[in-house]
Amino acid sequence: MASFLVLHGPNLNLLGSREPDLYGSTTLEEINARLSGIAGEAGHRLESFQSNAEHELLEKVQSARGRGVDMILINPAAFTHTSVALRDALLAAELPFIEIHLSNIHAREAFRSDSFFSDRALGVITGFGAIGYELALRAGLHHLTRKNR
Ligand code: DQA
């Protein structure tokens, strides 16, 4: 059994009503429910957490290893482009992580192309909307199963 921690950064609590042309109409609750369903059916554990506060995300990452998390799936949202602290926490945790963005960050304002996470992520999924989270979970499961063989 694998254990996943899904982290959502600032403003992602507004999904569904936030700039739907960019981010789609699926709510965060719907995304989390879908991920829990997929993980649960396959016999894995998945916890989701959203915060607008950087320190709360840091604390989740810092405690992840101690709580038996195997992999982190993270949409750092605006912290993608600003947070050395969150990057450092992920590196300190020494857990594989996948970076997710609903929109294609490379097809928007130039500053969004810069990520403090991509160079250390297992992989990056950007531009596929809510389905990107599912793709990340499936890629993460594939990675962990392959590693344990
Ligand atoms: C985002 C892209 C970021 O640039 C932005 O700040 C977000 C959401 C995305 O999922 O497309 O809040 O991470």
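Trainee: What makes Ser 113 and Thr 126 contacts of His 106?

Mentor: In this predicted model, where local features need pLDDT of at least 70, side-chain atom pairs count only at pLDDT 80 or more, and totals for chains, interfaces and linings use all residues, His 106 is in contact with Ser 113 and Thr 126 once its neighbours within four places in sequence are left aside, contact meaning heavy atoms within 4.5 Å. Residues are numbered from 1 along each chain as its sequence is written, and side-chain values use heavy atoms, with hydrogens and water left out.

Trainee: Where is the place of His 106?

Mentor: His 106 is in the loop between strand E4 (97-101) and strand E5 (123-126), where helices (H or I, at least four residues) and strands (E, at least two) are DSSP runs, numbered from the N terminus. From His 106 to Gly 123 there are 17 residues in sequence and 15 Å in space, C-alpha to C-alpha.

Trainee: Why are H3 and H4 called roughly parallel?

Mentor: The axes of helix H3 (residues 54-64) and helix H4 (residues 84-93), lines fitted to C-alpha atoms over the stretch in contact, with angles from 0 to 180 degrees between N-to-C directions, cross at roughly 5° and come within 9 Å. Angles under 35 degrees count as roughly parallel, and H3 and H4 are therefore roughly parallel to each other. Residues including Leu 57 and Leu 58 in H3 meet others including Ala 89 and Leu 90 in H4.

Trainee: How do you know that the protein is as compact as a globular protein of its length?

Mentor: The protein has 5 helices and 5 strands, and its radius of gyration, taken over C-alpha atoms, is 14 Å, close to the 15 Å that the globule rule (2.2 Å times the number of residues to the power 0.38) gives for 149 residues, so the protein is as compact as a globular protein of that length. Its C-alpha trace spans about 40 × 30 × 25 Å along the principal axes.

How values were computed: Angles under 35 degrees count as roughly parallel, over 145 as roughly antiparallel, 65 to 115 as roughly perpendicular and the rest as oblique.
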